[in-house]
Amino acid sequence: MKQLKKILLLQLLLLLIAKGQAQNFFAANHPYISYTGRIDFSNKALPRFWQPGVYIEIEFFGTAAAVIVNDEVLWGKNHNYLQVVVDGQARRLKTRAATDTIQVAKGLANTKHHLLICKNTEANIGYLELVGIICQQLLPPPAKPTRKIECIGNSITCGSGSDQSAVPCGKGVWQDQHNAWLSYGAITARSLHAQFHLSSVSGIGLMHSCCNMEVVMPQVYDKISMRDNKISWNFKQYQPDVITVCLGQNDGIQDSAIFCNNYTRFIKTLRGYYPNATIVLLSSPMANTALRNFMRSSLAAVVKAVNKAVNKKDTRLHYYIFEQSYNEGCDGHPSLQQHEQIAQLLSGHIKKLMKW
């Protein structure tokens with residue numbers, strides 16, 4: 001594997017030198033490379049990440065750039081999708097091998113440029129590792145936004161089934177329609193000039209998950225990969241100002257008292273990690289009328305129960321109900337256009353709450 005990486009790197013460098021461009025390799029642990037998301041830095045030369053929406057930002061000088069990434073190729077067949085954004089121009093692409101050297105920019109003006117790379121697919125498609133970037137000159141990254149948002153949820157929050165731009169519903173493989181970068185949480189954060197984490201897993205529930213999944217969100221929430229349930233996350237690394245929780249679609253209509261008790265316990269867990277965050281409980285954007293009404297009464301009861309438990313009004317705990325269903329994507333999920341609609345509603349609500 002190491003020899004293959006060296007060969008690929010040498011081939012690209014020779015190609016770029018032949019085109020008259022002086023290029024250099026900058027390893028993934030270079031201090032000018034900026035990371036956002038739950039990432040395993042135990043091997044600093046190969047930072048590894050599973051969760052959807054993890055993103056990397058780079059400023060570089062020159063006319064071209066390439067990145068080298070490793071893909072787990074889980075089960076020997078899964079490949080991840082990435083969103084690559086250069087100077088605001090985005091494109092979505094899929095890895096092709098265990099190690100890919102991806103030309104992300106060429107023919108640019110010989111000046112400063114901004115590069116962002118986002119993992120579009122979720123944890124159970126496998127991890128990605130950044131090996132490094134090839135460019136003329138690496139520059140200090142821009143300052144991160146001071147505002148921070150975290151979105152907890154299931155497949156909706158992951159952006160599953162939303163993107164039919166390359167492969168239509170029912171064709172290809174499951175992850176072909178994943179797009180975390182254009183999910184409601186990521187769009188909301190960008191519209192509010194905030195960093196974001198997507199703490200989400202398709203099929204997961206608060207107390208009941210679908211699709212033979214053996215874990216529920218409270219069990220895996222403290223992990224770097226919420227699918228593996230192995231490596232612990234250090235919550236001191238990211239303290240959000242706002243947390244949205246969008247669970248319940250996979251639980252379905254449960255016994256109200258049991259569901260509310262489970263939800264209340266999870267909120268207390270979140271409050272332990274994030275004592276100063278504003279928490280907004282969301283109904284499922286996919287919910288039908290019956291589930292929406294169940295969520296309406298349940299979320300109101302949870303807010304009331306938490307307020308009673310702390311013996312005062314918790315002005316940092318709220319709930320929000322989506323009053324329609326968003327089901328135009330694959331398997332009844334929201335489409336890309338509907339994620340924009342959801343984000344517009346949610347960002348407006350957060351603006352009022354936070355006075356942003």
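Residues are numbered from 1 along each chain as its sequence is written. In this predicted model, local features need pLDDT of at least 70 and side-chain atom pairs count only at pLDDT 80 or more, while totals for chains, interfaces and linings use all residues, and side-chain values use heavy atoms, with hydrogens and water left out.

The lining of the largest pocket divides into 10 nonpolar, 9 polar and 6 charged residues, where Ala, Val, Leu, Ile, Met, Phe, Trp, Tyr, Cys and Pro count as nonpolar, Asp, Glu, Lys and Arg as charged, and the others, Gly among them, as polar.

The second largest pocket holds about 280 Å³ of space. Among its 19 lining residues, Tyr55, Glu57, Leu116, Trp181 and Arg190 are the closest to the centre. Two or more lining residues come from each of β4 (55-71), β8 (111-119), α3 (184-191) and β11 (194-200); helices (H or I, at least four residues) and strands (E, at least two) are DSSP runs. The largest share, 3 residues, is given by β11. By class, the lining of the second largest pocket has 10 nonpolar, 5 polar and 4 charged residues.

Helix α3 also packs against helix α7 (residues 336-354), with axes (lines fitted to C-alpha atoms over the stretch in contact) that come within 8 Å and cross at roughly 45°. The crossing of α3 and α7 is right-handed (the near helix is turned clockwise from the far one by less than a right angle). Contact (heavy atoms within 4.5 Å) joins Tyr184, Ile187, Thr188 and Ser191 of α3 to α7 residues including His339, Glu340 and Ile350. The residues of this contact comprise 6 nonpolar, 4 polar and 1 charged.

For helix α5 (residues 256-273) and helix α6 (residues 289-309), the axes come within 9 Å and cross at roughly 50°. These helices are therefore oblique as well, and their crossing is right-handed. Residues in the contact include Phe259, Tyr263 and Ile267 in α5 and Phe294, Leu299 and Val302 in α6. By class, the contact of α5 with α6 has 12 nonpolar, 3 polar and 1 charged residues.

Technical notes
On a 1 Å grid over the protein atoms alone, a cavity is a set of points where a 1.4 Å probe fits but cannot get out, and a pocket is an open set with protein on both sides within 12 Å along at least five of seven lines; lining residues have an atom within 4 Å of a point. Grid points are joined across faces, edges and corners, and a volume is the space filled by probe spheres set on the points. Axes are lines fitted to C-alpha atoms, for helices over the stretch in contact, and angles run from 0 to 180 degrees between N-to-C directions. Angles under 35 degrees count as roughly parallel, over 145 as roughly antiparallel, 65 to 115 as roughly perpendicular and the rest as oblique.
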